[in-house]
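User: I'd like to walk through this model with you, starting with its aromatic side chains and ending with its charged ones. Could you take me through it step by step?

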Amino acid sequence: MEPVKPAIRNEAQDQAFSTEETQDLQWFTNLERAFPKIYQSIRDLIRENAHEIHPDLDGAGYVLLVQIRHRAPIRAAELVEYINIDKSAISRQVRLLFDLKLVDRVGDPNDSRAYLLVPTPEGVRLIDQLQIARLRRLQATFPHIAAVFELLFTPHNPEDDEK
C-alpha cells in the first residue's frame, strides 16, 4: 500500500504538522486505510473456521459458538449484548447450533421459564481443536505474538509514563 499524506490538519492554528506529528499521522492514516482489507480478511477467516467446524455453519454461527464456549452457561439475551446483533439473528443461529448438536439448552436455576446455553462436549472439542491448531500456526509464524497482544490488550495508564 502506498503511503499517503494525512487528511487531518491542525485547523486551530492552520499550520503544518511537525515532522514527528506527520510521521505519527502517516502510519495511523495507512492503518485506517487498511481497515476494509483487515475486516474482509477477518470475515474470511471466520467463515473458513466455521466450515472447519461444520459445512452448514456460517460465520455468525461460529462467532456465537465461540462465545458460548467461553462464556457458558449464558442466556441468549446476554449474547445479544456481547455480539451486538439482534435477537432474531441470535435465535436462528442458536437453533442451527442446537440442530448441529454443538450447543445444548439447560434450565436457568434462577428462572424456571428461561434457559442457558452451553456447548456440547463435541462443540467444546471442535472449538478447542481448531483454536489450538490456529494458535500453533500463529506462534510458528510469529514467535513473539503473545507479547505483542499482551501489550495491545493491557490497559495503559498515562500516569505510568510520568514516573
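**Rings, turns and charges**

User: How many aromatic pairs does a search of the whole structure find?
Analyst: Please keep in mind that this is a predicted model, in which local features need pLDDT of at least 70 and side-chain atom pairs count only at pLDDT 80 or more, while totals for chains, interfaces and linings use all residues. Residues are numbered from 1 along each chain as its sequence is written, and side-chain values use heavy atoms, with hydrogens and water left out. Rings of Phe, Tyr and Trp (its six-membered ring) pair if their centres lie within 6.5 Å; planes under 30 degrees apart are called stacked, over 60 edge-to-face, and the rest tilted. By that rule, the search returns 2 aromatic pairs.

User: Which arrangement do Trp27 and Phe28 form as an aromatic pair?
Analyst: Their ring centres are 5.8 Å apart, with 85° between the planes. Trp27 is exposed, at a relative accessible area of 51%, and Phe28 is partly exposed at 34% (buried is under 20%, exposed over 50% and partly exposed in between, with a 1.4 Å probe and protein chains only). From the angle between its planes, the Trp27 and Phe28 pair is edge-to-face.

User: And Phe149 with Phe153: what kind of aromatic pair do they form?
Analyst: Phe149 and Phe153 are 4 residues apart in helix H6 (residues 145-153), so about one helical turn separates them; helices are DSSP runs of H or I with at least four residues, strands are E runs of at least two, and both are numbered from the N terminus. Phe149 counts as partly exposed at 37% relative accessibility, whereas Phe153 is exposed at 63%. With 5.7 Å centre to centre and 10° between the planes, the pair is stacked.

User: About what area does the nonpolar surface patch with Trp27 and Phe28 have?
Analyst: Patches are made of residues with over 30% relative accessible area and no salt bridge; like charges are joined within 9 Å, and nonpolar side chains (Val, Leu, Ile, Met, Phe, Trp, Tyr) within 5 Å. Leu31, in helix H1 (residues 19-53), is partly exposed at 32% relative accessibility. Together, Trp27, Phe28, Leu31, Phe35, Ile38 and Ile42 make a nonpolar patch of about 550 Å².

User: Which residue has its charged end over the ring of Phe98?
Analyst: A charge sits over a ring if NZ of Lys or CZ of Arg is within 6 Å of the ring centre and within 35 degrees of the ring normal. Arg71 lies over the face of Tyr82, 3.6 Å from the ring centre. For Phe98, at 4.5 Å from the centre of its ring, the residue is Arg105.

User: Is the peptide bond from Ala72 to Pro73 cis or trans?
Analyst: Pro73 belongs to the loop between helix H2 (59-71) and helix H3 (76-83). Most peptide bonds are trans. Here, omega is near -5°, and the Ala72 to Pro73 bond is cis.

User: What phi does Lys101 have?
Analyst: Most residues other than glycine have a negative phi. Asn84, in the loop between H3 and helix H4 (87-99), has a positive phi of about 65°. Lys101 lies in the loop between H4 and strand E1 (103-108) and is exposed at 60% relative accessibility. Its phi is also positive, at about 60°.

User: How many salt bridges does a search of the whole structure find?
Analyst: A salt bridge is a side-chain nitrogen of Lys or Arg within 4 Å of a carboxyl oxygen of Asp or Glu. One of them joins Asp44 and Arg47 at 2.7 Å, N to O, and both residues lie in helix H1, 3 residues apart. The whole search finds 6 salt bridges.

User: Which residue forms a salt bridge with Arg75?
Analyst: The closest N and O atoms of this pair are 3.6 Å apart. Arg75 lies in the loop between H2 and H3 and its partner in strand E2 (residues 111-119), so the pair ties together parts that are 36 residues apart in sequence.

User: Which residues are linked in a network of salt bridges?
Analyst: Arg113, exposed at 74% relative accessibility, meets Asp111 at 3.2 Å, N to O. Asp108 is found in strand E1 and is buried at 8% relative accessibility. The linked residues are Arg75, Asp108, Asp111 and Arg113.

Technical notes. Accessible areas come from the Shrake-Rupley method with a 1.4 Å probe; for residues, only the protein chains shown count as cover.
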